[in-house]
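Please walk me through this structure, starting from one residue and its surroundings and then widening the view to the whole chain.

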Amino acid sequence: MHSFLNSNNTLQLSLSELKKSVKIPESDGMPEISKNEWIALHVIQFYNDVNMIYGCLDGACDSLSCPTMNAGSKYQFLWNDELSKHSEPEDVSARTYVQKTLDFISDLVNDESIFVIEGEFPPKFKKIAKIIFKKLLRIHLHITLTHWKDISSLGMEAHVNAALKHFILFGLEFRTLKKADLVPLNDWILKQLGPEYEKKLQIKKDKKDKKEKRERRSK
């Protein structure tokens, strides 16, 4: 855990610096980075962030404490491999969901026909990136809305918040996250990113969205 916390450079960045950091850097004489390459690099970083943060919850999240993949009491997620024609949504424990997600992403990242080393990225890359971001978001939601007491007891609040801010800012910048999927974090977003996001994400503070009152069983 300590090696992760010490290497999390986003913790030292202000919000304005963090917003700038997600943008594709100017070349300054170096080879230009394409949008797909920039997204691919960040997929790996965000995968590592989630993997290390969730790993710190070892013992706090198991099949008994978290028999379903949820985000607090209002939202529940089903596992599904959206890239497989034969996959059916499954109700699995949070730990199983996380492990399946990490394995799913690892397989994709190691597939050089998708995460290319040289040459052009395939046309389906953006679609795959969006699926990856959605699944990583769900792990963040589980950690933040279900295990915050555990995060607090570990003294990791600042580190988790920094990683999540970076992830969301990047996802909004490159549209790899959907506004609808961020609804469970509306209050967190307004607190951590500022009131201007009320308009950007069309957050309704006074009127409760009826969808928020229902358990969300996402496929």
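**A histidine and its surroundings**

Leaving aside residues up to four places away in sequence, His42 touches His166 and Phe170, where contact means heavy atoms within 4.5 Å. The model is a predicted one, in which local features need pLDDT of at least 70 and side-chain atom pairs count only at pLDDT 80 or more, while totals for chains, interfaces and linings use all residues. Residues are numbered from 1 along each chain as its sequence is written, and side-chain values use heavy atoms, with hydrogens and water left out.

His42 belongs to helix H3, which spans residues 35-55; helices (H or I, at least four residues) and strands (E, at least two) are DSSP runs, numbered from the N terminus. With a relative accessible area of 5%, His42 is buried, a term that means under 20% relative accessible area with a 1.4 Å probe, protein chains only. A polar atom of the His42 side chain lies 2.9 Å from the backbone oxygen of Trp38.

Turning to the whole protein, there are 10 helices and three strands, arranged along the sequence as α-α-α-β-β-α-α-α-α-α-α-α-β. Of its 219 residues, 44% count as buried. Among contacts between residues at least 6 apart in sequence, 71% join residues at least 24 apart.

The cysteines deserve a separate look. The whole structure holds zero disulfides, a disulfide being a pair of cysteine sulfur atoms within 2.5 Å. Cys66 is in no disulfide, since the nearest cysteine sulfur, that of Cys61, is 3.8 Å away. Cys66 counts as buried at 4% relative accessibility, and Cys56 is also buried, with a relative accessible area of 17%.

How values were computed: Buried means under 20% relative accessible area, exposed over 50%, partly exposed in between (1.4 Å probe, protein chains only). A polar contact is a pair of N or O atoms within 3.5 Å; within protein, one must be able to donate a hydrogen and the other to accept it, and residues adjacent in sequence count only if both atoms are side-chain atoms.
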